[in-house]
Amino acid sequence: MSSATPGPRIAIVGVGQVGGAAANALILGSVARELLLVDVKIPLRNAQVQELSDVSNMSGGAETRIRAGTYEEAGQCDIVVITAGSKYSVGETSVQHMYRNMGIVQKIIPAMRPFRPDTILLVVSNPVDLLTTVAQQLSGLPPTQVLGSGTLLESVRLRGLVAKTTGVAPDSVDLYVLGVHGIGETVAWSTATVGGLSLARAIPPNSLDPIQLARECRQISQTIIHAKGAIPLGTGAIISKVCSSILRDQRDIYPISHYQEDFGCCFSLPVIIGRKGILRTIRVAANAEEWDGITKSARDLNETIQHVKEGA
């Protein structure tokens, strides 16, 4: 089938719960002119094409063309979103999930090569930092063009919890969850602001418990995954947000997983993103304890990567 549709194209590799939710959000936001859906489960892929085409026809915005695609076609899109393996299988442990998704990424990245020189690769599947590191190593793309969803969703959720606690709008809260996604992530409370003021100046004393809010943020993730096997709707929303920022060259600042040369792996720090991917990393003024947490999570990730390589 011809792929001559003008305008930006996004490929989604893996169109289960998370991939389908991402496609839905992209359609409703009129982010791309065409979506290519790629999945080894052909009946699932075809069903998603049919249903999402209905969404496009009903969206009220600019029509998005939805079609099935191949790995080779995906590699020629403006953005490739990897959501394959996002959902936990019943009874699957985190270690089993890691090795399963490692195998998936190691198969699909070479299948998409050679990528178009300006393609942006967005990894969403977990463990996102490990898989983003692997994708960066295998893709042949510059590190600035290989991103992971990282701690963006956790940062958005935690800002919402702070906003609810303090009685302000979420957009008034500036707060980042950084480091390696998961148990090693660090909340940069020392840099948090509300309406441009530090937390200490913006809210009454003892009105906010950072430890409790961070714990609640993690528990929300665990509760959703336990019930649904994945976090499709929230993840779909941030995928749409990141893709929109890239294609429209909006220069937004997000905590995104990307390659850190000093550590030799990918994890989340705030970056400015635009049409060329990561334009610049912003080194936040986190305190020493927070940087220690970020550094430790990176070292732990490197140990995991080395262990996986030795076991390969």
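The model is predicted. The chain splits into domain 1 (9–148) and domain 2 (151–311). Their centres, taken over C-alpha atoms, lie 22 Å apart. The contact draws 39 residues from domain 1 and 40 residues from domain 2.

**Buried area**

- The size of an interface is often given as the accessible area lost when the parts come together.
- Domain 1 and domain 2 bury about 2900 Å² between them.
- Carbon and sulfur atoms account for 69% of that area.
- On the domain 1 side, Val-31, Asp-129 and Leu-147 lose the most area to domain 2.
- Together, Val-31, Asp-129 and Leu-147 make up 18% of what the domain 1 side buries.

- The interface of domain 1 and domain 2 holds 2 salt bridges.
- Asp-118 forms a salt bridge with Arg-275.
- The closest N and O atoms of Asp-118 and Arg-275 are 3.9 Å apart, inside the 4 Å limit for a salt bridge.

**The domain 1 side**

- Helices α1 (17–28), α4 (94–112) and α5 (128–139) each give two or more residues to the side that touches domain 2.
- Strands β4 (79–82), β5 (120–123) and β6 (146–148) also give two or more residues each.
- The largest share comes from α5, with 7 residues.
- By residue type, this side of domain 1 has 21 nonpolar, 13 polar and 5 charged residues.

Conventions: Residues numbered from 1 in each chain as written. Predicted model: local features only at pLDDT ≥ 70, side-chain atom pairs only at ≥ 80, totals over all residues. Heavy atoms only, no water. Domains from an automatic or database assignment. Contact = heavy atoms within 4.5 Å. Buried area = accessible area lost by both parts, 1.4 Å probe. Salt bridge = Lys/Arg side-chain N within 4 Å of Asp/Glu carboxyl O. Helix = DSSP H or I, 4+ residues; strand = E, 2+ residues; numbered from the N terminus. Nonpolar A, V, L, I, M, F, W, Y, C, P; charged D, E, K, R; others polar.
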